[in-house]
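Here's a quick tour of the model on screen. Grab your viewer and follow along, one piece at a time.

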Amino acid sequence: MDDHGSKGDDSGTPQPGDWEIVVVYSDDASGASTDRPQLQQALRAARAGLFDTLLVYRVDRFSRSLRDLTGLLDELAEAQVVFRSATEPFDTATPVGRMLGVFAEFERETIIDRVIAGMERTAAKGLWTGGQRPFGYRLDRTLDGLVPDPGEAVTVRKIFDLYVTDRLGTKTIAGRLNEQGSRTRLGKPWSAHTVEMLLTNRIYVGEKTFRDIVVPDAHEPIVDLARFDIAQQILGRRSAEIGRRAANPSSYTLTGLIRCPQCGRGYIGTAAKGRYKTYRYYTCWSQARYGTKAGCCIHRFNADDLEAAVSDALLDFYTTGHDLITDAITRFQDNYAASTAAKREQLATLTGELRDNTAVVDRYLSAFERGTLDDDAPKIRKRSRSCRTTPSDRCSNCRSPQSPETTNGQPPTG
């Protein structure tokens, strides 16, 4: 009786056919991926020839992807292992059995479509469809929807008030929140980016969005629609101003080239608008994003002074540091010459061999045209074959024009 292996069926129930179960691989992971320890162990055992049949409870427990299933079946076929299902007529020994793998993929796609359709119906009713709850709300399991969180909702309203009424920027708002000890839902410091994401999230006006479905008044709003719209208008105007500043090619040429000695982040260009002019600075990225309380507290540099100092240093180096530049160029040239010396010698050798062998071929052609070449002579045929090989091979097979086989500078005649 042949030895047969079983995977995924350890219930002890009788198996189809006269089989002997030699090993069981219990795989509780999803069939959507092939990166499963028990599956990989079973494949290694199949390649080692420990069994000749791999039995699964269901095909979708083996793989739910048609592409993965095809690859796995090919791998089993190379190991001369048959694949069979205990509850389905799937047997790779027959064409019909291989065709049934298509239905496992079809079933998986059908399940995905049904789940998405169910979530869309849930979203259309304004109910919670899962995922991470937004800051300012908590999930009411009884209503299966969002309700304002008393503590976080106060912070949301404060952010909109500071932005719309006080006209503070997102960075300033983040700094104030961090100074007051406020943190995001994930427990991290506030940044200008997280404040802006909150200001643009329509969930705070009671709107529910899922894919292409938009449901107004799905839950209690934290911010009224009029205030939310004003915030979007301010954001639009300020984004245009930021875009114009970013398009200026003369601003902050040293961005990213200076490293903060405290946190290791790069310095970026920042600006502060005074009564009569705008002051430019280079500030640590961490301080610019989170402020001096949550980020770095290291000092910032005046951009004009720093750029002038760097320009003067570069100008001084390139006008007075000729010896350093010359030494650097000389070292590079020496290193390049040393690293390519062997290749240049090899190229010179091959070039010489090619030149010598070309001359030999030309003399043979001349002798052939004069009718003085005996092309049936064994030495002539051997020489002709050797001249068709690579230059390195020619070196050992072809002799120079002054070889003993030549007579008075003419090729031998046999």
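In which sense do β9 and strand β10 pair, and over how many bridges? The pairing is antiparallel and runs over 7 bridges, with β10 covering residues 278–284. Angles here run from 0 to 180 degrees between N-to-C directions, with axes fitted as lines to C-alpha atoms, for helices over the stretch in contact.

Zoom out and you get an open sheet of 3 strands in the order β9-β10-β11, paired antiparallel. The edges are β9 (267–273) and β11 (301–302), each of which pairs on one side only. Strands count as paired if DSSP finds at least two bridges between them.

## Ground rules and overall numbers

This is a predicted model, so local features need pLDDT of at least 70 and side-chain atom pairs count only at pLDDT 80 or more, while totals for chains, interfaces and linings use all residues. Residues are numbered from 1 along each chain as its sequence is written, and side-chain values use heavy atoms, with hydrogens and water left out.

The protein has 14 helices and 11 strands; these are DSSP runs numbered from the N terminus, helices being H or I with at least four residues and strands E with at least two. Of its 414 residues, 32% are buried, where buried means under 20% relative accessible area (1.4 Å probe, protein chains only). As for contacts (heavy atoms within 4.5 Å), residues 24 or more positions apart account for 50% of those with a separation of 6 or more.

## A hairpin

Strands β5 (residues 137–140) and β6 (residues 145–148) also pair antiparallel, over 4 bridges. Y137 sits opposite P148 in β6. The hairpin has 4 residues between its strands, and D144 takes a positive phi there, near 55 degrees.

## Helices α6 and α7

How do these two helices sit against each other? Helix α6 (residues 150–164) and helix α7 (residues 170–179) pack at about 140 degrees, their axes 10 Å apart. They are therefore oblique to each other: under 35 degrees would be roughly parallel, over 145 roughly antiparallel and 65 to 115 roughly perpendicular, with the rest oblique. On the α6 side, T155, K158, I159, L162 and Y163 meet T170, I173, R176 and L177 of α7. That contact divides into 5 nonpolar, 2 polar and 2 charged residues. Nonpolar covers Ala, Val, Leu, Ile, Met, Phe, Trp, Tyr, Cys and Pro, charged covers Asp, Glu, Lys and Arg, and the others, Gly among them, are polar.

The buried residues of α7 are T170, I173, A174, G175, L177 and N178. T170 counts as buried because its relative accessibility is 16%. Setting aside neighbours within four places in sequence, T170 is in contact with Y163, A192, V195, E196 and L199. After α7 comes G181, with a positive phi near 85 degrees.

## A45 in helix α1

A45 lies in helix α1 (residues 37–47) and is buried, with a relative accessible area of 5%. Beyond its neighbours within four places in sequence, A45 is in contact with Y25, L50 and F51. A45 and A79 are 34 residues apart in sequence, and C-alpha to C-alpha they are 9.7 Å apart in space.

Definitions and conventions: Buried means under 20% relative accessible area, exposed over 50%, partly exposed in between (1.4 Å probe, protein chains only).
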